[in-house]
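Reader: Could you walk me through this protein chain, one question at a time?

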Amino acid sequence: LIKDFFNNKTIAIIGGTSGIGKALSKMLKPLSKHVYTLGRRTTPCVDLLDINSIEEMIKTIFFNRQPIDYIINCAGDLIRKNVEFMTAQEWDYIYNINIRANYLLAKIALPYFKKQNFGNLIFVGSSSYTRGRAGYSAYCSAKAALVNFCQAFAEEVSQFNINVNLVSPTRVDTPLRYRNFGQEDKKTLLAAGD
């Protein structure tokens, strides 16, 4: 069933070089026509903090492989610090990569999806959106904002045959998780491929 669903599709996976994005890319490459695994050090490259980089990436894929069936954003980051010790620059970075970058991606993708009369945007959130937790208030609140952004944007674009979805997995076995929480029992973590 999954093979038929993704057969002959063009898929851009941002944040595809690590964690969930890397596992997703590995799973979809044998199934799809064109899978672009994208990051800051890939070709084409994309820096989600730079609107021009996003525009160039989408333009390149659209003109080379239109239509673009799916754009999946797995990129995100977490800095584990209490508010007292987090700098304003760190706070801004967490909000920029976890919420503003998704807004920029949606804004840039929209005219391309409208031109092709359909599109699918999928964002990866986190179960952390459900409750603010000590030590990573910036991350939790940014992921909560992402949920509300996706709900609102989905309503705005549904008339154009554009689907907006958000996947909010539980704790996942990724490098980002280990960098912030250390080694944990893998039995308590969701595998990135799942």
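Author: Gladly! A salt bridge here is a side-chain nitrogen of Lys or Arg within 4 Å of a carboxyl oxygen of Asp or Glu. The model is predicted, so local features need pLDDT of at least 70 and side-chain atom pairs count only at pLDDT 80 or more, while totals for chains, interfaces and linings use all residues. Residues are numbered from 1 along each chain as its sequence is written, and side-chain values use heavy atoms, leaving out hydrogens and water.

Reader: Which residue forms a salt bridge with Lys81?

Author: Side chains of opposite charge can pair when their charged atoms come close. A search of the whole structure finds one salt bridge. Its closest N and O atoms are 2.6 Å apart, and the partner of Lys81 is Glu90.

Reader: Is Lys81 buried or partly exposed?

Author: Buried means under 20% relative accessible area, exposed over 50%, and partly exposed in between, using a 1.4 Å probe and protein chains only. Lys81 has 30% relative accessibility, so Lys81 counts as partly exposed.

Reader: How many helices and strands does the chain have?

Author: Helices (H or I, at least four residues) and strands (E, at least two) are DSSP runs, numbered from the N terminus. From that end, the elements run α-β-α-β-α-β-α-β-α-β-β-α-β. The count is six helices and seven strands.

Reader: How many residues of strand β4 are buried?

Author: In a regular strand the side chains alternate between the two faces of the sheet. On one side of β4, Gly119, Leu121 and Phe123 are buried, and on the other Asn120, Ile122 and Val124 are buried too. For β4, residues 119-124, the number buried is six of six.

Reader: Which residue in β4 is the bridge partner of Ile71?

Author: Two strands pair if DSSP finds at least two bridges between them. Strand β3 (residues 70-73) and β4 pair in the parallel sense over four bridges. The partner of Ile71 in β4 is Leu121.

Reader: Is Ile97 buried or exposed?

Author: Ile97 sits in helix α4. Contact means heavy atoms within 4.5 Å. Not counting residues up to four places away in sequence, Ile97 touches several residues, including Leu48, Leu49 and Ala75. Its relative accessibility is 9%, so Ile97 counts as buried.
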